[in-house]
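Subject: Structure handover

Hello,

My notes on what turned up in it follow below.

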Amino acid sequence: MQNNDRVYNMSFAGVYPHYIQKAEKKGRTKEEVHEIIFWLTGYNEKDLQEILNNKTNFRDFFEQAPQINPNVSLIKGVICGYRVEEIEDELMRKIRYLDKLIDELAKGKSMDKILRR
């Protein structure tokens with residue numbers, strides 16, 4: 001993959017509205033996007049607000065996550081032309097997990113399927 005530093009240094013707050021927009025455009029909700037973020041990272045509403053206010057970058061967003069969900073290994077498939085389960089770089093894989101989950105939300109999958117219940 002190309003130089004990932006650009007992605008790692010991007011502010012989570014800069015990308016977050018796109019996640020919301022992608023979901024809402026398909027009739028899903030901001031609350032569902034939050035549920036996905038919290039499931040994946042262990043953050044809560046208060047944490048997320050601080051992350052957005054502080055313009056935390058993706059690297060810190062994932063490195064400081066309270067608990068990456070142990071079921072992330074169940075997230076499989078292609079996102080941005082890459083199979084998520086084959087992405088070597090751990091941080092990039094986590095970023096793509098989030099992309100993949102938001103994608104599944106926008107495609108109308110049930111929350112149970114998205115959250116691998």
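Start in helix 5: phenylalanine 58 and phenylalanine 61 both sit there, 3 residues apart, which is about one turn of the helix. Please keep in mind that this is a predicted model. Both phenylalanine 58 and phenylalanine 61 are buried.

Aromatic pairs

The count of aromatic pairs comes to 7. One of them joins phenylalanine 12 and phenylalanine 61: the ring centres are 4.1 Å apart and the planes lie at 10°, so this pair is stacked. Phenylalanine 12 belongs to helix 2 and phenylalanine 61 to helix 5 (residues 58-63), so the pair ties together parts 49 residues apart in sequence. Phenylalanine 12 and phenylalanine 61 are both buried.

How do the rings of phenylalanine 58 and phenylalanine 61 sit, stacked or edge-to-face? Their centres are 6.4 Å apart and their planes are at 75°. Planes over 60 degrees apart count as edge-to-face, so that is the class of this pair.

Which residues form the aromatic cluster? They are Phe12, Tyr16, Tyr19, Tyr43, Phe58, Phe61 and Phe62.

Helix 2 and its partners

Two packed helices are described by the angle between their axes and the distance between the axes. Take helix 2 (residues 12-25) with helix 6 (residues 90-106). Their axes come within 8 Å and cross at roughly 20°. Angles under 35 degrees count as roughly parallel, so helix 2 is roughly parallel to helix 6. From helix 2, the residues in contact are Phe12, Tyr19, Lys22 and Ala23. They meet Leu98, Asp99, Ile102, Asp103, Leu105 and Ala106 of helix 6. By class, this contact has 7 nonpolar, no polar and 3 charged residues.

Now helix 2 with helix 4 (residues 45-54). These two pack at an angle of about 120°, and their axes are 7 Å apart. Here Phe12, Ala13 and Tyr16 of helix 2 meet Leu48, Ile51 and Leu52 of helix 4. The class tally is 6 nonpolar, no polar and no charged residues.

Is aspartate 99 buried or exposed? Aspartate 99 has a relative accessible area of 14%. Buried means under 20%, so aspartate 99 is buried. It is found in helix 6. Leaving out residues up to four places away in sequence, aspartate 99 touches Tyr19 and Ile79. Aspartate 99 and valine 84 are 15 residues apart in sequence, and their C-alpha atoms are 9.8 Å apart in space.

Glutamate 32 is in helix 3 (residues 30-41). Its relative accessible area is 17%, so glutamate 32 is buried as well.

What does the side chain of glutamate 32 contact? It makes a polar contact with the side chain of arginine 28, at 3.0 Å. The side chain of glutamate 32 also reaches the backbone nitrogen of threonine 29, at 2.9 Å. Setting aside residues up to four places away in sequence, glutamate 32 touches Leu105 and Met111.

Best regards

Conventions. Residues numbered from 1 in each chain as written. Predicted model: local features only at pLDDT ≥ 70, side-chain atom pairs only at ≥ 80, totals over all residues. Heavy atoms only, no water. Helix = DSSP H or I, 4+ residues; strand = E, 2+ residues; numbered from the N terminus. Buried < 20%, exposed > 50% of the residue type's maximum accessible area, 1.4 Å probe, protein only. Polar contact = N/O pair within 3.5 Å; in protein donor to acceptor, adjacent residues only side chain to side chain. Contact = heavy atoms within 4.5 Å. Axes fitted to C-alpha atoms, helices over the stretch in contact; angles between N-to-C directions. Parallel < 35°, antiparallel > 145°, perpendicular 65-115°, else oblique. Nonpolar A, V, L, I, M, F, W, Y, C, P; charged D, E, K, R; others polar. Phe/Tyr/Trp six-rings, centres within 6.5 Å; stacked < 30°, edge-to-face > 60°.
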